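Good morning, and thank you for coming.

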Amino acid sequence: DKADPDGDGIANLLEYALDGEPLSSSPTIAPQVVPGTDGFELVYTKLRNDVRYRVETSETMSGFSPTGTDQQGVDAAPVGMEIRVPVPGSGRNVVFGRLSVTPL
């Protein structure tokens, strides 16, 4: 799951969840970051029902925590649905966001 045979920085499980190619570079599958009302939104397409997609944030790139997203809503969303997760700024200078996937 954590291997990255093509060296593009995207582990096999994330390649699977986002429909990438584990043996050739797939940088275009990465979630998009777009401006939001109060911060930014992380946008991705749910492509599998056998993994859990979760957006996590951190102010320091260590100790990532899940966002306040309705995880049950994301889990129940149909395959092919675009998911937009707001990541509020809350007055902080820098917020890092990432998409985490785990097998169900």
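Predicted model: local features only at pLDDT ≥ 70, side-chain atom pairs only at ≥ 80, totals over all residues.

I shall start with a single residue. Glu41 counts as buried, because its relative accessibility is 18%. Here, buried means under 20% relative accessible area, exposed means over 50%, and partly exposed lies in between, computed with a 1.4 Å probe on protein chains only.

Residues are numbered from 1 along each chain as its sequence is written, and side-chain values use heavy atoms, with hydrogens and water left out. The term pLDDT is the predictor's confidence in each residue, on a scale from 0 to 100. The chain averages a pLDDT of 90, and 96% of the residues score at least 70. Among the elements, helix α1, residues 12-17, has the highest mean pLDDT, at 96, whereas β5 has the lowest, at 90. Helices (H or I, at least four residues) and strands (E, at least two) are DSSP runs, numbered from the N terminus.

Let us return to Glu41 and ask about its partner. Which residue forms a salt bridge with Glu41? The partner is Arg84, with the closest N and O atoms 2.9 Å apart. Glu41 belongs to strand β2 and Arg84 to strand β5, so this pair ties together parts that are 43 residues apart in sequence. A salt bridge is defined as a side-chain nitrogen of Lys or Arg within 4 Å of a carboxyl oxygen of Asp or Glu. By this rule the count is five salt bridges.

Arg84 counts as partly exposed, because its relative accessibility is 44%. Arg84 also forms a salt bridge with Glu82, where the closest N and O atoms are 3.2 Å apart. Glu82 is partly exposed too, with a relative accessible area of 46%.

Two strands pair if DSSP finds at least two bridges between them.

How many bridges join β2 to β5? There are seven, and the two strands run antiparallel, with β2 covering residues 39-45. Gly39 stands opposite Pro88 in β5, and Phe40 stands opposite Val87 in β5.

In a regular strand the side chains alternate between the two faces of the sheet. Strand β5, residues 82-88, has Ile83, Val85 and Val87 on its covered face, and Glu82, Arg84, Pro86 and Pro88 on its uncovered face.

A second salt bridge deserves attention. Arg98 forms a salt bridge with Glu56, the closest N and O atoms being 2.8 Å apart. Arg98 lies in strand β6, residues 96-103, and Glu56 in strand β3, residues 51-58, so the pair ties together parts 42 residues apart in sequence. Is each residue buried or exposed, or in between? Arg98 is partly exposed, at 38% relative accessible area, whereas Glu56 is buried, at 9%.

Arg98 also lies over the face of Phe64, at 4.0 Å from the ring centre. A charge sits over a ring if NZ of Lys or CZ of Arg is within 6 Å of the ring centre and within 35 degrees of the ring normal. Likewise, Arg48 lies over the face of Tyr16, at 4.1 Å from the ring centre.

Most residues other than glycine have a negative phi. Asp19, however, has a positive phi of about 65° although it is not a glycine. Asp19 is placed in the loop between α1 and β1 and is exposed, with a relative accessible area of 53%. Met61 also has a positive phi, near 65°. Met61 sits in the loop between β3 and β4 and is exposed, at 52% relative accessible area.
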